[in-house]
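Student: I am new to this structure. Please show me how to read it, one feature at a time.

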Amino acid sequence: MSLFLTVRSSKRAALVVLGGTQVALVAAITLMTVPLPSIQREFGLGQGDLALLTSAYGLTFGGLLLLGGRLADRLGAREMFLAGMVLLALASAAGGLAPDRAVLLAARFAQGAGAAMAAPAAVALVTRLHPDERERQDALAVWGTLSVTGAVGGSLLSGLVAAVASWRWSFLLPAAVGVAAVAAGAFLLPAAPRTAARLDVPGALLATAGLVAVTYGLVEGSAAVAGAGLLLTAGFVVVQARTARPLLPLRLLAHRGRGVALVVVFLTAAASATVTFLLSLYLQQVRGLSPISTSAAFLPFLLVVVMGPISGRLLRRLGVRRVLVAGLLLAAVAMLLVGRIASTGTVLAGLLVFPVASGMAFSAATVAAFDGVSAEDSGAAGGLVNTAMEVGPTAGLAVLVALAAARADAVDAGGAQAVAEGYGFALTAMAPVFLLAAAMVAVAFNQSRER
């Protein structure tokens, strides 16, 4: 009995290490948001430099996730997780102590590379720690909410850092998490199986170049770069179809339920980032709120923390299909509420509904994405889920910010009224997208069940 309790407590401790790391990896993206003006003043950065510094982490994180996932399968998930966290800790320390903008930018790129190594390995280890199907479903349901938790937590900490400390703590906090994760993970994390397959180098180059180009093109508003990225991504798919040992086995995408689940992750991540971004701008630019007050406005988003365990119970009772549809319908309602941006009460209601909706959607989609995935492909599947999670916000922001700007330009009154109407229009536009996604889920999972 004592041995059973020891094993159980060790498993829980390992899950805490992995889950805490996932939260920290995503929080590192938003942790710099509010302190950016301080960094700009210290190093004399222009708007272009600031935009690149903001997106550097996401560029390497999103671009290297598929490669990181396959390396976890080939070299061992435990080893890749520890190596990625070592790189993250070193890069974060370098950023926190950076004497100039070149070192700061290089540190930001290196942070993203470390995160791309650790994130898919972490979720592969979660599946390894829970061989029982019910336990694994509960763990993945919780895991699905961690990225949103990290994004919200990073935003809240961002305002606190800007108010009471130097911007350098935006780097030093992830460094501390990296050191703690390596120290604890070396003792708690289990060894994972490795594959003997050779690494698909052409596929790795095409996937990385394609994802980075698409992301950078969207961030910079360059249709040519984004188009080139899409061509590289198409080339990647062709290479994967013809390679005996592909970086991304296309069989993972052949399952209709998994493909739709990845779309849900993509859309929900995009909506989460867009709500945070547009409301943050509105509250500071139009309402005149301070950074601390703006961060506090998103405290309701922390409801997503409790949605992981709740979603796990709902999944056992109702199944993936019903939970996904319910989450997406609630997300559509939330977008209609926050779209009425001038009404404080309505927006607050939307901010309370959305974390419930996104928690259900993320949890159920994560469980569906790993359904039927073999141990040798768990890292690749983790890379897919994390890629959808990271590319979604970039694509969503690019499209919806452009939509908001176009709507604002069409308002004759101009000024604050035009800004508010543009933001509200962009947020409301996500509602029909979520309704369409709910219909896709209803059809895809019903057909999957019949087969």
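Predicted model: local features only at pLDDT ≥ 70, side-chain atom pairs only at ≥ 80, totals over all residues.

Student: Where is S92 placed, and which residues does S92 touch?

Tutor: Helices are DSSP runs of H or I with at least four residues, strands are runs of E with at least two, and both are numbered from the N terminus. S92 sits in helix α4, residues 77-96. Contact means heavy atoms within 4.5 Å. Not counting residues up to four places away in sequence, S92 touches Q111, F171, L172, P174 and A175.

Student: How many residues and how many Å separate S92 from G185?

Tutor: In sequence, 93 residues; in space, 19 Å from C-alpha to C-alpha.

Student: Is Q22 buried or exposed?

Tutor: Q22 has a relative accessible area of 3%, so this residue is buried. Q22 belongs to helix α1, residues 2-30. Setting aside neighbours within four places in sequence, Q22 contacts A119, W143, L146, S147 and N386.

Student: Which residues of helix α2 are buried?

Tutor: In α2, residues 36-43, they are L36, I39 and F43. They lie on the same side of α2, because they cover an arc of only 60° around the axis. That arc is taken from the directions from the helix axis to the C-beta atoms. Just after α2, G44 takes a positive phi of about 65°.

Student: Now the whole chain. How many helices and strands are there?

Tutor: The protein chain has 18 helices and 0 strands. Of its 451 residues, 51% count as buried. Among contacts with a separation of 6 or more, 82% join residues 24 or more positions apart.

Student: What does the radius of gyration say?

Tutor: The radius is taken over C-alpha atoms, and the globule rule is 2.2 Å times the number of residues to the power 0.38. For 451 residues, a compact globule would have a radius near 22 Å; the protein chain has 21 Å, which agrees. Its C-alpha atoms fill a box of roughly 65 × 55 × 50 Å along the principal axes.

Terms used: Residues numbered from 1 in each chain as written. Heavy atoms only, no water. Buried < 20%, exposed > 50% of the residue type's maximum accessible area, 1.4 Å probe, protein only.
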